[in-house]
Amino acid sequence: MLARKGLLPDGFLLTRLAEDQNQPNRSHSRSQRARFITKTGSCNVAHKNIREQGRFLQDVFTTMVDLKWQHSLLIFTSAFLCSWMLFAMAWWLLAFAHGDLEPRDLDTEPGPVPCVTAIHSFTSAFLFSIEVQVTIGFGGRMVTEECPVAIIVLIIQNILGLIINAVMLGCVFMKTAQANRRAETLIFSRNAVIATRNGRPAFMFRVGDLRKSMIISATVQLQVIRRTVTVEGEVIPVCQLDIQVENPLRSNGIFLVSPLIISHTIERGSPLYELSAQSLASEDLEIIVILEGVVETTGITMQARTSYTPEEILWGRRFVSIITEEDGHYCVDYSKFGNTVPVRMSSLSAKELDQTRGVQEGTSDTQLQGWGLVRAGRGGFRRGGRACEGAAPQPWYAQSVKPNKEAEQKGQKKTVQLEVIGRQEEDGLGDLSD
């Protein structure tokens, strides 16, 4: 859509098509998966069996703004035509009741002064209604002081015409200045990737702004929508879970001066913690991306949305760099905006990787024991020496080994083994009892 509007170069579309051909399309192998948010950001939810349709009429302005342009233009045209026809009928009836429509010979019978001059048929009454409401005033027809009712009808038509114009102009302005119009120049990568970043698996996607005007106070929010079952067996079809965006400031704020790669580190507590390369295709989830901010030129709050299904998440790939420095300024090559390259990455989930690392660390700790707690008599524990690898454990009452004489001769510190504290105390108590 952006390429058709001329906002993106032709190379971007060609590169995107080549990228789609190179990547395996897994959506053809199964039925199309339903999603809540489309790639363009619209809500993909159909509301059925709504009995209270009158609630939409209670907020007519919002309902008219939400309508499509062809429906809005049809309503605008119908409103003006209906008002013109309604007051044309009123002017015609007024002229008919006053006798202004009767044929007369103006030379012989001047007759009474008409309420509205130059009204001889319904067509002339319709033309006068248009002149009054849009304040054209050709000068051929006008209201006289003969009929007070005509003056009242003129005031009512002017007031009603101003109201219709105000409502219609407000709707047109709100439809042209909607926040989603600014979102047309905010683009997201077609696919998201999962790759290793700083030793941890991370979920990443790219977002960019095609305009030079900035998005003030831009924030990115990620949510995972999946079907879950509670312990009691209750099925929750829409379970929304927030995802923390990787940011040193621990906030979701971004400075969208150039295309950015938004990442989420998959760790304990993440909804993607148990996601692996094998289980990715069978997962029933949807990751929704919401970008919010204030438009710099208009000050209107805008929101751009997209979503990623498991078919659109690539495992073991990362985005290529598209920013280069040329002649003292940075250049962005949007033809490579969605390009990815494969990287070496394990197919295990983050949970399985943590468990594997935990087993390895536990094994290494068993082989190389550090300063631990050893028994020090009467059920107490205290710090002891470093145990040698492969040495048999000694009982707490074992006698201490004699000091190393060679170490004493060289002036080094001697190693003091565990003293027999509990046995000496027991022997002393035995002597007292004797």
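**Checking the labels**

Trainee: Why does Cys-147 count as buried?

Mentor: Its relative accessibility is 7%. Buried means under 20% relative accessible area, exposed is over 50%, and partly exposed falls in between (1.4 Å probe, protein chains only), so Cys-147 at 7% gets the buried label. Before we go on: this is a predicted model, where local features need pLDDT of at least 70 and side-chain atom pairs count only at pLDDT 80 or more, while totals for chains, interfaces and linings use all residues. Residues are numbered from 1 along each chain as its sequence is written, and side-chain values use heavy atoms, with hydrogens and water left out.

Trainee: What about the other cysteines, which labels do Cys-115, Cys-171 and Cys-82 get?

Mentor: Cys-115 has a relative accessible area of 1% and is buried. Cys-171, at 0%, is buried as well. Cys-82 comes out at 52%, so it counts as exposed.

Trainee: What makes Cys-115 and Cys-147 a disulfide?

Mentor: The S to S distance is 1.6 Å, and a disulfide needs cysteine sulfur atoms within 2.5 Å, so the pair qualifies. The structure holds one disulfide.

Trainee: And why is that disulfide called left-handed?

Mentor: Look at the torsion about the S-S bond: it is about -50°, so the disulfide is left-handed. Its two ends come from distant parts of the chain, 32 residues apart, with Cys-115 in the loop between α4 and α5 (122-133) and Cys-147 in the loop between α5 and α6 (148-176). Helices (H or I, at least four residues) and strands (E, at least two) are DSSP runs numbered from the N terminus, and the chain has ten helices and 16 strands.

Trainee: On to the rings. How many aromatic pairs are there?

Mentor: Start with how a pair is described: by the distance of the centres and the angle of the planes. Rings of Phe, Tyr and Trp (its six-membered ring) pair if their centres lie within 6.5 Å; planes under 30 degrees apart are stacked, over 60 edge-to-face, and the rest tilted. The count comes to seven aromatic pairs. One of them is Trp-92 with Phe-96, at 5.6 Å centre to centre with 10° between the planes, which makes the pair stacked.

Trainee: Where do Trp-92 and Phe-96 lie, and are they buried or exposed?

Mentor: Both sit in helix α4 (residues 69-98), four residues apart, or about one turn of the helix. Trp-92 is at 25%, so it counts as partly exposed. Phe-96 has 54% and counts as exposed.

Trainee: What angle do the planes of Phe-205 and Tyr-308 make, and what is the pair called?

Mentor: The angle is 40°, with centres 5.9 Å apart, and the pair is tilted. Phe-205 is in strand β3 (residues 200-209) and Tyr-308 in strand β9 (residues 301-308), so to speak distant parts of the chain, 103 residues apart. Both residues are buried.

Trainee: Which residues touch the most other members of the largest nonpolar core?

Mentor: A nonpolar core is a set of buried Ala, Val, Leu, Ile, Met, Phe, Trp, Tyr and Cys residues joined through side-chain atoms within 4.5 Å. The largest has 33 residues, and those touching the most other members are Phe-188, Phe-203, Phe-205, Val-220, Leu-291, Tyr-308 and Ile-313. Strands β1 (186-188), β2 (192-197), β3, β4 (215-229), β8 (285-295) and β9 each supply at least two residues of this core. A second, separate core of 13 residues includes Leu-94, Cys-115, Val-132 and Val-153.

Trainee: How far is the charged end of Lys-175 from the ring centre of Trp-69?

Mentor: It is 5.0 Å from the centre, and sits over the ring. The rule asks for NZ of Lys or CZ of Arg within 6 Å of the ring centre and within 35 degrees of the ring normal.

Trainee: Last one: what makes Asp-59 and Thr-62 a polar contact?

Mentor: Their side chains are 2.7 Å apart. A polar contact is a pair of N or O atoms within 3.5 Å; within protein, one must be able to donate a hydrogen and the other to accept it, and residues adjacent in sequence count only if both atoms are side-chain atoms. Asp-59 is in the loop between α2 and α3 (60-66), and its 36% relative accessibility makes it partly exposed. Thr-38 and Thr-40 also join side chains in a polar contact, at 3.1 Å.
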